[in-house]
Amino acid sequence: MMKSKLTLIGAAAALSVVWGGNCLALTSEDFLAWLKANQAAQVTFKDGETITAATADKIRPFIPLEYQDEMIFDGMEVVVREPTDLSPPAIYQEATEKFKGQATLAADGALENYLAGLPFDPETFVPGDEQSGIKAAWNFEHRWQYQGLSIPLVDWVWVRAGGSHEGHAAASGAMKEIYGGGGRFERVLKGPYRRVYFSHRADLASSGYEVGDNWSKGTLFREMTSFESPFDIAGTAFMIQRYNDAKKADDAWAYIPSLRRVRRISAEVKSDSLLGTDHTLEDFYCFAGRVLEHKWEYVGSARILAVARSRNLETRYYGPNGW
């Protein structure tokens, strides 16, 4: 169960990430009780209906317990729309069908015989089964992600409960419309971000589902994060390389402006603070850790109310803490 809160909003030229702490002391048992109680929940809201705090009980069964205090508050407005088809593109579905049943698990849970598409059929997952849990984790690792993600400018904003960010430089000008509500801006970082996938690419069937160059052989992805501000880390850049071999540790490098040198760094201390915050490298993309370093169990599925194809180009943050 994720204790950190990550909201990603995408636009043509920029992406903002807002982090907030969890104000509920929830346990795994609390989450599982919510899941059990709401797996068969029936939708009572309608297309076009606006949910407010007074009618929020209609959507509680479709919002995970640990998110409810963030999403339900006085002044909230959730405009409901009918679900639309968010299936991955045809090339990914074709690869999934072509290689259906081919992927397997090694004795230690490592993924074997996988080429492209969704590795395992979710319809075969059994609640309480450890192997189903590992398979679900591999499905998440190899979900449809096209070539990766490239954003010229990211605002990484850590927002704390209480206080205000009115007058903060990051919430001025064009960004004032985006960063509404309360909450205190503890740290704001800015800079470009890129993650590029080299293997298991459904769009590269003609080259064996991978980038054909020798220098990228055996690589799952490379990820680069650099910073233009604030001044204390401006010019710093990190690159992480993850391999297809699930047992091979990530490689990582950093460019340190004060040294004018690239230095190899450890990407294996996953619990370390990320740039003075209370988050780690594993917190990205909901989960960005390595599958074999964790124990997995499939506990079931539930329908979730989610933001997709928003009427706004960028997310509009509001509410007591601006989350």
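**Exercise 1. Decide whether Tyr146 counts as buried, partly exposed or exposed.**

Solution. Start with the accessibility: Tyr146 has 46% relative accessibility, so it counts as partly exposed. The cut-offs behind this step are under 20% for buried and over 50% for exposed. Keep in mind as you work that this is a predicted model.

Tyr146 sits in the loop that runs between helix H4 (130–141) and strand E7 (148–160).

Finally, look at the backbone. The phi of Tyr146 is near 50°, a positive value in a residue other than glycine. As background, most residues other than glycine have a negative phi.

**Exercise 2. Work out where Tyr209 lies and whether Tyr209 is buried or exposed.**

Solution. First find the loop: Tyr209 belongs to the one between strand E8 (184–197) and E9.

Then check the backbone angle. Here too phi is positive in a residue other than glycine, with a value near 65° for Tyr209.

Now turn to the accessibility. Tyr209 has 8% relative accessibility, so this residue counts as buried.

**Exercise 3. Follow strand E9 and find its pairing with E8 and with E10.**

Solution. Take E8 to begin with: E8 and E9 run antiparallel and are joined by five bridges.

Continue to E10. E9 pairs with E10 over seven bridges, again in the antiparallel sense. Arg222 turns up here as well, standing opposite Gln241 in E10.

To finish, consider how covered the strand is: six of the eight residues of E9 are buried, which makes the strand mostly covered.

**Exercise 4. Locate the cis peptide bond that involves Pro230 and give its omega.**

Solution. Go to Ser229 and Pro230, which are joined by a cis peptide bond with an omega of about 5°. For context, most peptide bonds are trans.

**Exercise 5. Step back and describe the chain: how many helices and strands does it have, and what share of its residues is buried?**

Solution. Count the elements first: the chain has four helices and 12 strands.

Next comes burial, with 39% of the 323 residues in the chain being buried.

For the contacts, consider those with a separation of 6 or more: 61% of them are between residues 24 or more positions apart.

Last, the surface: the chain has an accessible surface of about 18100 Å², and carbon and sulfur atoms account for 54% of it.

Note on methods: Residues numbered from 1 in each chain as written. Predicted model: local features only at pLDDT ≥ 70, side-chain atom pairs only at ≥ 80, totals over all residues. Heavy atoms only, no water. Helix = DSSP H or I, 4+ residues; strand = E, 2+ residues; numbered from the N terminus. Buried < 20%, exposed > 50% of the residue type's maximum accessible area, 1.4 Å probe, protein only. Contact = heavy atoms within 4.5 Å. Areas by Shrake-Rupley, 256 points an atom, 1.4 Å probe, with all protein chains shown as cover. Pairing = 2+ DSSP bridges.
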